[in-house]
Amino acid sequence: MIYEVLKKHKHVMEYNEEADIIKKSDIVHLLRQAWDITPSKNNIMAWQVFVIGPENQNYKNAVYDICSENEDRSNRKNKNADVDKTIGRKPAYANIKSCQYLLIITQRLGGPLNGYQQRQWDKGIFYDPCTEDGLVSSRENIAVECGIFGANFRALAIERGIDTSFTANFKKDSGHPNYDLSDWKKLPFVNRRVNLIMTIVNLKFKKLR
């Protein structure tokens, strides 16, 4: 049954903007469910999810530009690798502009600790993502957790008739100690390393009037 649900996933190049808007309460419910079933090392969950809704098209456009600029860097500004005007091909991340909701999943500094974790910390148990240096050294583990969360969210969304797509087409800097956030200056709330972007749209379309 789970296999059949997951098989329904597909990457959408561009969403139909005539679909009914998903209620924010439904997005919150899916986020809570996905969070609840996503494992995390020591239950620190050193990642966070920013949700950009239908009212913030300017942020979606900014994220699209970030992906486009990264593709230019990767392909050395080969325009044919991005958009082929002859056949009308659009980049795989074009869905960013037409999605209803956009999720930006980033790192976060771990904490606050719960009672058990604090007692362990006081005994000398070190939770890496709770310090700036540890957050950098834990980046691979955190990225894996973000991927698991994304997969869980996708499966739960499919059950509700909601489509999702992923992209990681943005600049990644694994350097120490600082992650370059200059590309994200138009989204001031993004203050940590970005690991994954997800787009969301309703598969249920508006009725013809």
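A pocket, in this predicted model, is an open set of grid points with protein on both sides within 12 Å along at least five of seven lines, and its lining residues have an atom within 4 Å of a point.

**View 1. The second largest pocket and the residues around it.** Let's start with the space itself: the second largest pocket holds about 180 Å³. Its lining is made up of Met1, Ile2, Val5, Leu6, Ile37, Ala151, Asn152, Arg154, Ala155, Leu156 and Glu159. Sorted by type, the lining has 8 nonpolar residues, 1 polar residue and 2 charged residues.

**View 2. Helices that line the second largest pocket.** Which helices each supply at least two residues of this lining? They are α1, covering residues 2-6, and α8, covering residues 139-159. Helix α8 gives the largest share, with 6 residues.

**View 3. Strand β4 and its cover.** Now find strand β4, which spans residues 194-202. Is this strand mostly covered or uncovered? Mostly covered: 9 of its 9 residues are buried.

**View 4. Strand β2 alongside β4.** Strand β2, residues 101-107, runs antiparallel to β4, and 6 bridges join the two.

**View 5. Strand β3 alongside β4.** Strand β4 also pairs with β3, residues 162-167, through 6 bridges. These two strands run antiparallel. Which residue of β4 is the bridge partner of Phe166? Look for Met198.

Terms used
Residues are numbered from 1 along each chain as its sequence is written. This is a predicted model: local features need pLDDT of at least 70, side-chain atom pairs count only at pLDDT 80 or more; totals for chains, interfaces and linings use all residues. Side-chain values use heavy atoms; hydrogens and water are left out. Buried means under 20% relative accessible area, exposed over 50%, partly exposed in between (1.4 Å probe, protein chains only). Helices (H or I, at least four residues) and strands (E, at least two) are DSSP runs, numbered from the N terminus. Two strands pair if DSSP finds at least two bridges between them. On a 1 Å grid over the protein atoms alone, a cavity is a set of points where a 1.4 Å probe fits but cannot get out, and a pocket is an open set with protein on both sides within 12 Å along at least five of seven lines; lining residues have an atom within 4 Å of a point. Grid points are joined across faces, edges and corners, and a volume is the space filled by probe spheres set on the points. Ala, Val, Leu, Ile, Met, Phe, Trp, Tyr, Cys and Pro count as nonpolar, Asp, Glu, Lys and Arg as charged, and the others, Gly among them, as polar.
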